[in-house]
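Visitor: Could you walk me through the side-chain contacts in this one? I would like the cut-offs along the way.

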Amino acid sequence: MPGIFGLIVFKEDDVSFTKSIENMCQLHTSSTSFKKCTCRKNNLYNGFSQLGRVYNEAQYYSEKGGVEVWFDGELYNQDELPLRVGEKKRIDAAIILDHYIIDPEMKFLKEIDGKFAAVIYDQNSDVIIIANDRYGLQHIHWTQCADYFAWASEYKSLTTLPGPGFRVDTVAVKEFLEYGYLTDERTWLENVKLLAPASILIFNLRSRGVSLKHYWNWNSITIRTLRVDETECAQEWGRLFDKAMKRRLFPQKRVGITLSGGLDSRCILAALPELEDQIHSFTFGIEHCDDILIATKVAALKGTKHHNCVLNPVSWLEGNCAAVWAADGEIGLLDTIGNEYLQIISEHIDICFNGIGGDALHGGSFLTMHHQHTNSSGDPYGSRGRRYIRQGFRFDESFYHVRCPFYDNKLLEFQLSLPTDLRKKSNIYNKILLHNYPAFFKTTPWQKTGLPISYPAVYSNILSISKKSFSHLLRAAEHFGLPVKDKRNYVNHLNRTLLEPGRSFIEKLLTNPDAIYAHFFNRDEVAAVWSNHLHGKHNTALINRYATMELWFQQFFEKKYRPAA
């Protein structure tokens with residue numbers, strides 16, 4: 001999967017570390033189409049592995065005056081940074097380098113709108129600096145031991161380094177079982193950390209000390225106290241969103257979108273301007289489900305080349321195992337969909353728009369979420385957005401670039417400055433969508449309620465109650481072994497655990513006499529949960545978490561179930 005990686009070594013050992021950097025590259029590379037590079041200068045080993053679709057190698061590395069930069073991701077507002085570049089976009093690594101040279105304290109980072117991680121080696125100051133985007137969406141990890149200081153976009157690659165090896169963090173195991181994702185900066189490994197959002201980490205080569213500072217935080221957004229004119233608010237949001245979309249269309253390549261029956265992807269599609277090449281849209285779901293029916297109608301409004309990617313309970317397993325591997329075990333085995341279609345999708349597009357942060361941040365649904373981890377960085381979405389939702393499309397990035405317009409800086413600052421009561425339960429968000437894109441929202445239903453968002457809330461509430469009652473009936477039917485076909489949901493996670501090949505695969509993971517999870521959980525208790533699940537006392541979420549942990553442990557420590565190179 002795409003990323004940057006490297007290490008600075010404190011002792012001479014050419015052979016083992018040279019081999020290690022080559023292996024790190026291999027673990028970041030999922031196909032022959034990747035652009036990749038590794039190099040060594042004295043005791044510094046580094047490299048990158050990236051898609052070759054939108055950018056050439058120069059995008060990811062730049063050097064000048066004793067300073068080197070390795071870059072992963074994209075910048076979207078070069079023309080607004082202190083060193084304005086005008087109409088012609090420059091390579092992002094060079095932009096970071098030039099700004100660092102004139103501003104070594106890196107105050108310019110708070111002005112950047114992008115999804116990125118960068119490593120800077122300053123030979124003049126004898127420091128290595130790791131920095132990332134404001135929201136920490138582009139993951140980069142780091143570790144230090146007596147022999148080296150290392151970094152990697154995917155920490156699975158750290159297993160190639162010589163030394164004492166890594167131990168599982170028992171707190172991470174407990175967190176994953178509770179939430180279904182990891183929190184804050186924790187990883188599966190005790191001595192490996194994810195860089196916190198909006199961070200500048202400085203490693204001093206002389207003292208071998210690490211310092212960490214943050215250049216931005218969520219509390220810098222001031223909540224408005226004056227009365228808000230909702231029409232003016234909707235107009236301004238529309239203006240900012242259109243600008244966010246245009247920023248993320250440069251350079252213009254073949255564009256697509258994963259289109260659901262929800263609101264966020266539909267908003268993105270509605271805002272996409274006319275492009276030179278036809279837009280492709282893709283919808284995942286079981287045959288005739290609400291998502292497919294609604295998305296097909298929305299795609300026809302826009303005139304996209306639409307593809308319905310029908311899911312079945314048989315073909316999902318291999319792709320989902322690969323997705324767990326790509327996300328360093330931080331996404332559930334059952335939690336991603338459509339992986340079996342990614343190669344086909346990549347034949348049509350180079351850039352895919354994603355709706356992460358739409359309803360959650362702009363619609364305010366995070367304000368009413370229950371049993372979610374509160375992030376120490378102050379992220380109102382908690383750890384869920386960065387550590388769970390974001391990991392859901394990590395595997396996609398092995399096939400095409402993913403862009404997230406709802407995380408545009410100015411757009412998000414504007415929306416989160418609105419009073420909480422106005423944002424709660426999609427109050428202002430629904431009005432924004434209806435104001436700016438009425439053709440897409442006024443009469444077309446929302447998959448969640450079955451009604452257009454233009455309908456009064458009381459109708460949606462009544463329908464929601466009836467749908468919940470229907471869900472109870474379906475669960476009762478499933479309990480008694482009756483055949484159930486629920487077309488409201490795009491995927492049936494329960495069926496994936498009860499039907500082949502999922503059933504046998506999960507059973508093999510959980511009943512393996514050498515299962516690694518047994519170091520952390522009672523084997524008999526896990527076996528009881530699985531047996532109860534098979535006999536009608538379903539607990540799909542818990543089965544998913546146990547199976548994911550064991551799968552990841554097997555992939556990481558035993559080198560099993562890894563995708564073919």
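Guide: A convention comes before anything else: a residue is called buried under 20% relative accessible area, exposed over 50% and partly exposed in between, with a 1.4 Å probe and protein chains only. By that rule Cys404 is buried, because its relative accessible area is 5%.

Visitor: What kind of model is it, and how are residues numbered?

Guide: This is a predicted model, in which local features need pLDDT of at least 70 and side-chain atom pairs count only at pLDDT 80 or more, while totals for chains, interfaces and linings use all residues. Residues are numbered from 1 along each chain as its sequence is written, and side-chain values use heavy atoms, with hydrogens and water left out.

Visitor: Back to cysteines, then. How many disulfides turn up in the whole structure?

Guide: Taking a disulfide as a pair of cysteine sulfur atoms within 2.5 Å, the search of the whole structure finds zero. Cys404 is in no disulfide, and the nearest cysteine sulfur, which belongs to Cys352, is 9.5 Å away.

Visitor: Okay, aromatics. How many aromatic pairs does the search find?

Guide: The search of the whole structure gives 32 aromatic pairs. Rings of Phe, Tyr and Trp (for Trp, the six-membered ring) pair if their centres lie within 6.5 Å, and planes under 30 degrees apart count as stacked, over 60 as edge-to-face and the rest as tilted. With ring centres 5.1 Å apart and planes at 50°, Phe176 and Trp188 make a tilted pair.

Visitor: Where do Phe176 and Trp188 lie?

Guide: Helices (H or I, at least four residues) and strands (E, at least two) are DSSP runs, numbered from the N terminus. Phe176 is in helix α3 (residues 170–179), whereas Trp188 is in the loop between α3 and β10 (192–194), so that this pair links distant parts of the chain, 12 residues apart.

Visitor: And what angle do the planes of Trp188 and Phe553 make?

Guide: The planes of Trp188 and Phe553 are at 80° and the ring centres are 5.6 Å apart, so this pair is edge-to-face. The partners are 365 residues apart, with Phe553 in helix α19 (residues 540–557). Trp188 counts as buried at 1% relative accessibility, and Phe553 is buried with a relative accessible area of 1%.

Visitor: Which residues form the aromatic cluster?

Guide: One aromatic cluster is formed by Tyr155, Phe176, Trp188, Trp325, Phe520, Trp552, Phe553, Phe556 and Phe557. Trp552 lies in helix α19 and counts as buried at 1% relative accessibility.

Visitor: Which charged end sits over the ring of Trp325?

Guide: That is the charged end of Lys156, which is 5.0 Å from the ring centre of Trp325. A charge sits over a ring if NZ of Lys or CZ of Arg is within 6 Å of the ring centre and within 35 degrees of the ring normal. The charged end of Arg208 likewise sits over the ring of Phe10, 4.1 Å from its centre.

Visitor: Switching to salt bridges, what is the count?

Guide: With a salt bridge defined as a side-chain nitrogen of Lys or Arg within 4 Å of a carboxyl oxygen of Asp or Glu, the count comes to 30. In one of them the side chains of Lys431 and Glu230 meet at 2.8 Å, N to O. Lys431 lies in helix α13 (residues 427–436) and Glu230 in helix α4 (residues 230–247), so the pair ties together parts that are 201 residues apart in sequence.

Visitor: Are Lys431 and Glu230 buried or partly exposed?

Guide: Lys431 is partly exposed, with a relative accessible area of 37%, and Glu230 is partly exposed at 30%. By contrast, Arg394 and Glu397 are both buried, and their side chains meet in a salt bridge at 3.2 Å, N to O.

Visitor: Which residues are linked in a network of salt bridges?

Guide: Glu80, Asp113, Lys243, Arg247, Arg248, Asp408 and Lys410 are linked in such a network.

Visitor: Last topic, the backbone. Which peptide bond is cis?

Guide: The bond from Glu500 to Pro501 is cis, with omega near 10°, and Pro501 is found in the loop between α16 (493–498) and α17 (502–511). Separately, Asp328 has a positive phi, near 55°, although it is a residue other than glycine, and it lies in the loop between α7 (317–326) and α8 (342–346).
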